[in-house]
Amino acid sequence: MSITTHKTWDFDGSTLFLATGDITGFTGDAVVNAANLALAGGGGVDGAIHRAAGPQLPGACREIIDRIGRLPAGQAVITPGFNMPAKYIIHTVGPVWHGGNQSEPEKLTSAYRESLLRAQENAVQSVAFPAVSCGVYGYPLDQAARIALTELKKGLQAGMVKQAGMVIFSPSSLNVWLDAAEQVL
């Protein structure tokens with residue numbers, strides 16, 4: 001499954017994009033992984049990225065976990081991309097949705113912000129994000145989309161990267177993201 005860009009927005013020479021497809025095929029500098037606390041791989045985007053990156057990724061993730069214990073929701077770390085087209089994988093943990101009253105919006109905002117900071121620290125110019133926390137973690141898609149697009153816009157306007165966007169796996173979810181973009185971009 002290739003990546004298809006559906007819409008772009010320009011912010012003083014930086015570009016935000018909305019696309020559908022398989023994020024593991026992104027040919028920019030970095031992809032963001034919707035990881036778990038142990039960086040252990042799993043289902044969905046996390047499993048797909050681990051499979052695409054190849055056998056070196058689990059060892060790199062274990063080294064990080066051995067050093068820090070676990071990756072809390074809202075934080076991000078970076079590894080090489082190994083066998084992926086992207087040079088880097090930025091791993092972030094989004095919050096599990098519990099109704100919105102357990103700091104979920106703040107943690108999701110932080111996951112996007114911290115991912116952009118790891119990108120900036122590593123001179124990443126282009127980065128693709130999945131819909132963090134919107135799979136098994138149950139975050140409502142419309143709320144997550146507004147948070148994600150707001151943070152990407154802020155990061156682009158601050159010059160953290162030159163290109164950032166969302167690669168949505170399910171084409172049926174694209175309209176939710178386009179509606180959110182109309183509200184925040």
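**Salt bridges and helix contacts in the predicted model**

In this predicted model, Glu 114 counts as buried, at 16% relative accessibility. Glu 114 forms a salt bridge with Arg 118, the closest N and O atoms being 2.9 Å apart, and Arg 118 likewise counts as buried, at 14% relative accessibility. Because the two residues are 4 residues apart in helix 3, Arg 118 and Glu 114 are separated by about one helical turn.

The count of salt bridges comes to 4, and a network of them links Arg 113, Glu 151 and Lys 154. The side chains of Lys 154 and Glu 151 meet at 3.4 Å, N to O. Glu 151 is buried, with 6% relative accessibility, whereas Arg 113 is partly exposed at 38% and Lys 154 is partly exposed at 47%.

Helix 4 (residues 141-157) also packs against helix 5 (residues 174-184), their axes coming within 9 Å and crossing at roughly 50°, which makes helix 4 oblique to helix 5. The contact comprises 10 nonpolar, 2 polar and 3 charged residues, including Leu 141, Ala 145 and Leu 149 in helix 4 and Val 176, Trp 177 and Ala 180 in helix 5.

Elsewhere, Ala 35, in the loop between strand 3 (30-34) and helix 1 (44-53), is buried with a relative accessible area of 4%. Beyond its neighbours within four places in sequence, Ala 35 is in contact with Asp 46, His 91, Thr 92, Val 93 and Tyr 137.

Conventions:
Residues numbered from 1 in each chain as written. Predicted model: local features only at pLDDT ≥ 70, side-chain atom pairs only at ≥ 80, totals over all residues. Heavy atoms only, no water. Buried < 20%, exposed > 50% of the residue type's maximum accessible area, 1.4 Å probe, protein only. Contact = heavy atoms within 4.5 Å. Axes fitted to C-alpha atoms, helices over the stretch in contact; angles between N-to-C directions. Parallel < 35°, antiparallel > 145°, perpendicular 65-115°, else oblique. Nonpolar A, V, L, I, M, F, W, Y, C, P; charged D, E, K, R; others polar.
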